[in-house]
Amino acid sequence: MDPAANLRLTIDTAAIADNWRRLAAMSGGATCGAAVKADGYGLGAQAVVDALARAGCRDVFIASWSEAAALATPAGTRLAVLHGVQDGEMATALASDAVPVLNTPAQVAAWAAAAPGRACDVMIDTGMNRLGLTPADAALLDGLTIDTLHSHLACADTAADPMNARQLAAFRAVAAAVPARRRALANSAGIALGTDYAFDLTRPGLAIYGGVPCSALGGLRQVVAIHARLIQVRDVPEGATVGYGATWRAPHRTRVGVLNLGYADGYWRGFADRGRAWAGDVACPVIGRVSMDLVMVDLGRADAGEGDWLAIDFDLPAAAAASGLSQYELLTGLGHRYSRDYA
Ligand SMILES: *Cc1c(COP(=O)(O)O)cnc(C)c1O
């Protein structure tokens with residue numbers, strides 16, 4: 001048996017399913033899919049896909065063929081590979097049940113030659129200049145069997161940004177000219193822009209995992225909880241310092257807890273002097289720098305000693321504001337040293 005980790009990630013799969021149902025309802029008449037790339041935004045793609053399949057999700061998006069190969073796809077779930085099919089990946093793609101989202105003229109030509117008549121997805125770039133064919137390239141799609149025609153919004157988390165309406169108009173124009181079974185544009189924040197943006201299928205990611213990309217998506221359930229163990233407790237006298245760089249100096253005699261959590265666990269340096277742990281209802285602020293495997297907190301009057309577990313503040317919007325990192329970075333950075341409990 002593995003020795004127990006002194007660091008625990010609790011992942012609430014019922015909250016994942018509830019968040020997805022809420023996004024599905026907000027998608028109006030459109031089908032709601034799920035972005036599960038980067039190992040389910042760091043939470044474990046298989047557990048996420050299984051929970052979403054039980055909730056009724058049938059469309060799953062991942063980045064690469066290696067992510068596809070790592071998943072046991074539930075019956076009835078359709079996997080689409082957002083990065084398309086690169087040189088050297090065609091045999092893998094043809095042998096897979098997953099569908100490529102073709103992004104370049106070369107990918108379109110290679111797919112048409114290798115798999116004539118076989119359905120694929122296509123990404124159109126409507127102004128983000130990341131992945132996808134230009135609207136002018138859409139003429140190359142003649143004769144291709146397209147299941148879903150996609151585009152992706154650059155500024156959906158800022159509802160008032162005029163880029164949203166420009167991308168919507170550009171996508172509508174391409175969608176009117178290119179035959180496809182379905183059309184898809186909206187990520188999490190795109191769903192909050194309203195059903196004009198929903199088309200036939202939506203592709204939320206962050207909000208499923210409890211992230212809040214914009215105020216219209218408030219009230220989602222928090223999915224992740226972190227608990228770390230106090231592996232040492234010490235009394236630090238007034239005037240002494242704590243941690244690397246001796247950046248924190250005790251203003252008075254202080255009970256300091258050393259937690260089994262560090263930047264190698266995705267608890268990044270931005271939490272130095274800004275993060276917080278909880279011992280019951282006593283807040284214990286992070287003091288000094290975050291080490292690779294450790295972080296120190298001021299235990300104050302908390303009734304907590306060596307061996308006890310503290311809850312780490314990881315409410316995503318608040319943790320992002322405190323640390324200067326995005327909610328996406330906080331989730332995908334969580335690392336591999338946690339024991340993971342799926343509740
Ligand atoms: C990651 C991704 C999504 C999901 O975006 P969120 O902001 O996490 O909701 C949707 N579509 C594409 C193409 C993506 O790459």
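Trainee: How far is an oxygen atom of the ligand from an N or O atom in the side chain of Tyr-328?

Mentor: This is a predicted model, in which local features need pLDDT of at least 70, side-chain atom pairs count only at pLDDT 80 or more, and totals for chains, interfaces and linings use all residues. Residues are numbered from 1 along each chain as its sequence is written, and side-chain values use heavy atoms, with hydrogens and water left out. A polar contact is a pair of N or O atoms within 3.5 Å. For Tyr-328 and the ligand oxygen, the separation is 2.6 Å.

Trainee: How much of the ligand's accessible area does the protein cover?

Mentor: Accessible areas come from the Shrake-Rupley method with a 1.4 Å probe. On its own the ligand has 390 Å².

Trainee: How many disulfides does a search of the whole structure find?

Mentor: A disulfide is a pair of cysteine sulfur atoms within 2.5 Å. The search of the whole structure gives a count of zero. Cys-57 is in no disulfide, and its nearest cysteine sulfur, 6.6 Å away, belongs to Cys-32.

Trainee: Is Cys-284 buried or exposed?

Mentor: Buried means under 20% relative accessible area, exposed over 50%, and partly exposed in between (1.4 Å probe, protein chains only). Cys-284 has a relative accessible area of 0%, so Cys-284 is buried.

Notes
Polar contact = N/O pair within 3.5 Å; in protein donor to acceptor, adjacent residues only side chain to side chain.
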